[in-house]
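Dear colleague,

Please find below the structure that I am handing over to you.

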Amino acid sequence: MTKTLKCVIHARLLALVLSSLATCAAAQGNTQAAASTAVKRGEYLSKAAGCLGCHTEEKKGAVPYAGGRGLKTPFGTFYGPNITPHPTAGIGKWTEAHFARALRHGERPDGANYFPAFPYPSFTGMTDADVRDLWAYMRTLPASAQPSRPHDVGFPYNLRFTVTVWKWLFFTPGAFTPDPKATAIVNRGAYLTTALGHCGECHTPRNFIGGTRKDRFLAGGKGPEGKDIPNLTPTRLKKQWGDKDLADFLSTGLTPDGDVPAEAMGEVIRNTTGQLTAADLAAMIAYLRSLPAIADEKKK
Ligand code: HEC
Ligand code: HEC
């Protein structure tokens, strides 16, 4: 081989190596960009779904998502567990499939049931893409070694297998299906309200064993802590509040008369509805307006 030929071959090889390196770098850049978009979307979804409140202790300096928040119910107090990526105290050893199964089916990795104080009856509606991005975000949280607190719930409600019966009666797993007769905006609002925002967990009344009453969907009544919760169907809301009043209330926490709501709703506004984009908030309101009006239940 002549020297020039060798040089040409070397130069060609070098060019090839360089160009493939460049392609690799570009591809890696793309994957990183995609990953950071997923994490950002996931962070937004965690707000739209109010994950923080139930999984963070109510005290100054509490580590976000490290658990310990008490949730009072007629059956006892449940504590939101540590869901940071810590390998033993949190869910660091989980796969995305475990995460999806927990949110969609209310099942632990070992197959045991979760108690429905974890609103999987709503989260079951989440789309695959949203579960995936939420998971990407959860993986970026700093790990905390804080142990999860055991629930303080009496017999027989403390037995996880009893939830199997509850699930038969009240749990319908399955992703949200848009209503073909409704507009895209109303469908987006329905998704935000029912699958992510789980507004019905408080605004839909429950029967004596904690099943939500589908016939009174979002129509208010006694909430999980036994207090009165307002009706969100157009019966009352439409008469008293315009869209702007409602948007102001859900983003700032001030009523048209300048009042502040009870803390249960104040927290939802701080962590969830107050964090939504203007378009998503408008969609949520459009959906609430589209609901069939249900009369307030008579006070007993
Ligand atoms: C209304 C309160 C509430 C909200 C909102 C909530 N959770 Fe939870 N979550 C709980 C409770 C209570 C448990 C424990 C259930 C049990 O022990 O059966 C739990 C359990 C979990 C678990 C299982 C942890 C484990 O160690 O097994 C995961 C994962 C989880 N939640 C993630 C989320 C995510 C993600 C969101 C937002 C999309 C969210 N949660 C929103 C109350 C809540
Ligand atoms: C943890 C329980 C809880 C959850 C979850 C919840 N709310 Fe509320 N909400 C309340 C309570 C309690 C009030 C009554 C506040 C008051 O009167 O001071 C309220 C009041 C309201 C009101 C004012 C209605 C009126 O006529 O005064 C609106 C609107 C509202 N909620 C919308 C929502 C939406 C939308 C969601 C879902 C993103 C939601 N809420 C989730 C507990 C909750």
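By class, the shell around ligand 2 holds 14 nonpolar, six polar and two charged residues; Ala, Val, Leu, Ile, Met, Phe, Trp, Tyr, Cys and Pro count as nonpolar, Asp, Glu, Lys and Arg as charged, and the others, Gly among them, as polar. This is a predicted model, in which local features need pLDDT of at least 70, side-chain atom pairs count only at pLDDT 80 or more, and totals for chains, interfaces and linings use all residues. Residues are numbered from 1 along each chain as its sequence is written, while chains are lettered from A and ligands numbered from 1 in the order in which they are written.

The residues around ligand 2 number 22, and the closest are G197, C199, C202, A262 and M265; a residue is near a molecule if its C-beta atom, placed from the backbone, lies within 6 Å of it.

**The nonpolar core**

The largest nonpolar core has 40 residues, and L196, M284 and L288 have the most contacts inside it. Such a core is a set of buried Ala, Val, Leu, Ile, Met, Phe, Trp, Tyr and Cys residues joined through C-beta atoms within 7 Å; buried means that 20 or more other C-beta atoms, placed from the backbone, lie within 10 Å of the residue's own. Domain 1 (39-172) and domain 2 (176-295) both give residues to this core, so it lies between them; the domain bounds come from an automatic or database domain assignment. Leaving aside neighbours within four places in sequence, L288 is in contact (C-beta atoms, placed from the backbone, within 7 Å) with L232 and L237.

Yours sincerely

Terms used. Buried ≥ 20, exposed ≤ 12 C-beta atoms within 10 Å, placed from the backbone. Contact = placed C-beta atoms within 7 Å.
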